[in-house]
Amino acid sequence: MSINISASSDPISFSKIASWKHNRSESKSYCCLWDGVECIGKNSGHVIVLDLSSSFLYGPINSATSLFSLIHLRRLNLADNDFRFSQIPSRIGRLSQLAYLNLSYSLFSGHVPKEISQLRQLVSLDLTGNPLNLQGSGFRNLVQNTAQNLRELFVSEVNIDSQVPDILANSSSLRSLVLRDCGLHGEFPTSIFHLPKLELLDVEGNAGLTGYLPKFHNDSQLKHLILAETNFHGKVPPSIGNLVHLERLDVSSCSFLGTLPGSVGNLTQLTLLNLYNNSLLGQIPSLASLSKLSYLQLSFNQFDGRNLSDWLGKLPKLSLLDLRVNNLSCEIPSSIGNQTQLTKLYLNYNSMVGQIPSSIMNLTHLTHLSLDYNEFTGFLPSLESLSNLTDLFLNDNNFDRWKLPDWLGKLNKLTYLQLNAVNLSGEIPSSIFNLTEIGELHLSSNQIEGRIPPVPSTMTKLTALGLGQNQLKGPIPSSLPNLKNLEIIFLDDNNISGTVEADIFLSLKKLKALFLGGNRITLSVISNHTTNTLPKFEILRLESCNLRVFPDFLRYQDQLLDLYLDGNKIDGLIPEWMGNTSKETLQTLSLSKNSIRGFEQHSPLLPWVGLLVLDLSHNMLQGSIPVPPPTTMNLLVSNNKLTGEIPPSICDLQSLQVLDLSFNNITGSVTPCLEKLKDSLLVLNLRGNTLRGTIPNTFTNGSKLLMINFSENQLEGRLPRSLENCASLQILDLGNNHIEDTFPFWLGELSELQVLILKSNKFHGAIRVPRKTNSMFPKLRIIDLSYNSFSGDLPHQYFQEWSAMKEMESDAAYMQARIDIWQDNYGWIGNYSYSMKLINKGVNMEYEKIIDIFIAVDLSSNKFGGKIPESIQSLSCLRLLNLSNNELSGVIPSFMGNLTLLESLDLSRNNLSGKMPGELTQLNFLALLNVSYNNLTGHIPQGTQFNTFPNTSYLGNLALCGDPLSKKCENSEASKPPAVSLHEDAELDFPSGVDWLVILSGVGCGLVIGLLFGNHLTKRFYKCVIKRFIK
C-alpha cells in the first residue's frame, strides 16, 4: 500500500498516516496520539478507533498488516480511499469487537467475506459505492447474524441480486436502512415499515422491487422514506398522514395511482416531497400546512389544478416547484407571487390558460422559469425584476401578438432563452445582443420580420441560435462568423433571399447543425476546402437552396447524422465520393425532388452502414431498386423510373417500418418474403407499378401493418384470407387491379380499418352480412367499391353498423402513420400521410392527404338494385355518396335530406322515378348533385344550393321541369321549395395551414374540400433530433 493524492475525492483530504512516527523508546501508548487513532484511556495502548478515511491510501491491504491485531478495535473507517479493486481481507473477522465499520467508496471488489457477517457486535456497517457482491445467502446471513445490535446498514451499489429477507423485520434496533441500486427484486416485506426505531428507509433504484405502502401507525419514527425508481404500486394510503416525523418523502418513478390523500397535509416536518412520474390524478390536496417544505416535485402525473390557489403562495421556504406534465388546465394563481424564495419554477407541458400574473415579478430569486407548452394568452408581464434568471422557457403559448421587449436585454444572466411559437412579431431589437452570457437563443416559429441584424463580437458564448420559420428577409449578415462557438443554427423557412456564400457557415469551426432550407436563396459553394478547415457537421438541412451539384465540402464530412438536399436542382448521378461521406455515421439521407438518375458507384448495396432513413422519391432513378443496409427503417423511392422485380434482399431489412416503391415500373409479383417483416413493417406501398400474379397469402398474426396499397397494378386471383391477421390495419387500397372475388366481409373484423378501396376489379355477388359475425367495420370512414359487378340490394345492414360514419370528430386531423425512430441519442419523428384516388364531384381526384372528417361511400358502376334503404340516413356524417350507374329503382326518399353534411351526391344512371323531394334543399353544403338519366318527374326544387347546379345535373329525365332546364313547369308556384333555415352554427374545425384548399361553390354555402399535393412523409424532428444541442 502507498500514498497517492488521487486516491481520495474529499477536497479536505489529507494523509493521516504521513504524520505517524514510530519511536521504539516510547511506550506502546505513543500511537494513541496519532491522527485518526483513539485508545482506551491514556496509557493502555488499546486502540479502539482507527479513522483513515480520505487518507490517500492506494493499493490492496496486506493481510499480514498489524491492523488485524487491534483486537480492541471498535470503530474502523477506511472510506474514500483506493484499494484498487482488491478484496476485503477475510482477517477482518478477527476484529471481533468491531461495532462500526465503514468501507464506503474505497474500490473494494469481489465477494463480501463471510467473516463480516460474524461480527456480531456490529452496530453500523457501510459498504456503499463498492463493486462488491453479496449474492446468494450472503445478505441473509449478514442480516441474520447482526440483527440483535445492528442500527445502520448502508450497502448501496453492492450487488445483492436477491429478495429482501423477511428476517430484516427482526432488526428491532435498526434506524437506517439504505439499499440503493442493489439489484433487489421480489416483494418488499411490509413489516419492515413498522420497525419501531426506523428513521431512514432508502431502496431507490431497484427496478425489480415491488411492494405497496401499508397502513402506517401513528408511533412511527420514520423521517426519510425513499422508494424512488422501484415498482412500488397501488394507492397512497390516508395513513401516510401518521408519519408526522417525516422530513423527506420520495416515491418518484414508481407506479402509484389514484388520488393523493388530504392527510399528506399532516406531514408538517416535510422539507422534500417528490412524487415525480407516477399515475396520480385528481386535485392536489392543500399543502398550506407544510411550512418547512423547500422542494416540491409533482411532475409527470395527471393532477388537475382545481385548488392550486388554496395552497400556492403559503409555503414560505419553497425553493423548487415542479408541476410540469400534468393536466392543470387552470390559471396561475396570483398568490404565486408570495413564494418569494422560489429559485426554480416549472409549469410547462400543462394546459394552463389565462394571462401570466404580474405578481410573478416578485419572484426575484428565480433562476429557472419554464412556462412553455401551455395555452397562456394576453400579454407577458415585464420580468425585468427577475435579474437572477438564467433559464427562461416560454415556447408554444398563445400570447397576444407582441414584440421582443427592451427589458429582455436587461436580464444579463440569461444563458437559455426559448421563445419559439409565442406569436412574436416585429424586428429583432439590438438590445437582444446585450445578453452576452446567452448560450442558446431560440425565436423560431413566430412572425418576426425584417433583416437579421449584425452580430456583435461580444456574443461569444452563444452555441445555439434559432430563427427558423419566421418572415425574415434580406441577406444573411456577414458578421455571423463572430459567433465563434456556434454549434447549431436554424434559419429555415424564412424569406431570406439572394446568393449566400457557404463560407459564411463553413468558417464557424464548431458548427454541427445547419438548418437553411425553405428560403429563396442560391447557395454558392466553392471547391477549395480541406478537411482541416471545415466544421464537422452532424445535421445539414439544405432543402430548396438551388443547388445543382452535391456540395464539394461534403466529401470531407465524416460525422454526419442527417443530410437533407431535397427540392434542389441536382441532376445526373450521385458521385462516387459520396459513398465515403460519413460512411459510418450517416443515419438519414433525403434527396427527394431532384433529377437524380442513379449512382456512379455500381455496387447493388449502398455504402452507408448505419443508415436508418433513405428518401430518393420524386427523382429520375433508373435500373433496379437500390438496396440499403440492414439497419434501414424507412425506404422511400416512389415516383422514379425503377424497373425489375422487388429484390428478396429487401426482406432482410428486419427493422423496416416504411417501404414505398409506388409509381415506378416494377414488374414481377409481390414477394412472399415480405412476411418476414411482420414485426416492424407499418407501411407497404406498391401502388402504380406493373405487378402481376396473386397477393401472397402470407400475412401472419402479429402483423403491425397500418397501410397496404397495391392499387394500380395487374394483380389477380382472390383476396388472401390471411389479411384478417393484420389487426392494426387502417387503410387497404387494392383498386384498379384484376382481383376476382366476392365481398370480403371477414375484413370487418379489422377494428382499426378506416379506408377500404376495392374499386375497378372483378368483385361480384351480393353484399350480405353473415349471420354469425360481429364483423361490421366499426371504424370505416371511406369505402369505394365502384366499377365492379356487385349485385343485389344495397348493403342496408352495414349502413346501420358503420358507426364511424355517424360520429363527428371534434378535432379534424389527417390520417397518417406515426413513424418514430429512437436509437441511442438519435431521435427521428415523422408522419407518413395516407393517400388515395377517389371520384369526387365528378372528378377523379388524387388525395395525397386524407382528412378524417371526410366520410365517403362510393358504390357506383355496379349492378345494385332495389330501393335506396332508409338505413342510409343514419350515416349522418357523409360528405360523399355515389350510387350512380346501378339498377336502383323507386323514388329518391325524402330522408336523404337528413344527410346535411353531404357535399357530393350522385344518383345518376339508375331507374329512379317520381318527384325530387323538397327536403334535398336542406343540404346546405351540397356542391355537386347529379340525378341525370333516371325517370324523375315534376318540378326541380329551388333555393339554396339548387340555384347553383347546371342543367347537366338533370339531363335524361324527360319529365323534369323548372330551372335550370329550358322546360318550364305549368304551375310555377309549385316549384317553390319548402322554407329551410340555414345552419349558422355548421362551422367545422378544419386544420389550418397550407394543406387546405377551400372553394365556395356558387353563391350558396356549399363547401368543396380538396387537398393540395404534398410529401407523403412529413418530418418533425426539430425538438428531438437536436436534444443534444438544446437544453
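A cavity is a set of points on a 1 Å grid over the protein atoms alone where a 1.4 Å probe fits but cannot get out, and its lining residues have an atom within 4 Å of a point. The model shown in these views is predicted: local features need pLDDT of at least 70, side-chain atom pairs count only at pLDDT 80 or more, and totals for chains, interfaces and linings use all residues. Residues are numbered from 1 along each chain as its sequence is written, and side-chain values use heavy atoms, with hydrogens and water left out.

**View 1. The largest cavity has 16 lining residues.** Leu674, Glu675, Thr698, Phe699 and Leu705 lie nearest its centre. The space in this cavity is about 150 Å³, where a volume is the space filled by probe spheres set on the points, and grid points are joined across faces, edges and corners. Its lining has 9 nonpolar, 4 polar and 3 charged residues. In this scheme Ala, Val, Leu, Ile, Met, Phe, Trp, Tyr, Cys and Pro count as nonpolar, Asp, Glu, Lys and Arg as charged, and the others, Gly among them, as polar.

**View 2. The second largest cavity has a lining of 13 nonpolar residues, with no polar and no charged ones.** About 100 Å³ of space lies in this cavity. Phe433, Leu441, Val455, Leu465 and Leu467 are the lining residues nearest its centre.

**View 3. The second largest pocket has a volume of about 610 Å³.** A pocket is an open set of points with protein on both sides within 12 Å along at least five of seven lines. This one is lined by 24 residues, and Trp20, Leu50, Ser66, Leu67 and Leu70 lie nearest its centre. By class, the lining has 16 nonpolar, 7 polar and 1 charged residues.

**View 4. Phenylalanine 743 and tyrosine 798 form an edge-to-face aromatic pair.** The ring centres are 5.8 Å apart, with 65° between the planes. Rings of Phe, Tyr and Trp (its six-membered ring) pair if their centres lie within 6.5 Å; planes under 30 degrees apart count as stacked, over 60 as edge-to-face and the rest as tilted. Phenylalanine 743 lies in the loop between strands E53 (738–739) and E54 (755–757), and tyrosine 798 lies in helix H4 (residues 796–801), so the pair ties together parts that are 55 residues apart in sequence. Helices (H or I, at least four residues) and strands (E, at least two) are DSSP runs, numbered from the N terminus. Phenylalanine 743 is buried at 5% relative accessible area, and tyrosine 798 is buried at 1%. Buried means under 20% relative accessible area, exposed over 50%, and partly exposed in between (1.4 Å probe, protein chains only).

**View 5. A disulfide joins cysteine 651 to cysteine 673.** A disulfide is a pair of cysteine sulfur atoms within 2.5 Å, and here the S to S distance is 1.9 Å. With 65° about the S-S bond, the link is right-handed. Cysteine 651 lies in the loop between strands E46 (641–644) and E47 (658–660), and cysteine 673 in the loop between strands E48 (665–666) and E49 (683–685), so the pair ties together parts that are 22 residues apart in sequence. Both cysteines are buried.

**View 6. Cysteine 32 and cysteine 39 form a disulfide with sulfur atoms 1.9 Å apart.** This link is left-handed, with -95° about the S-S bond.
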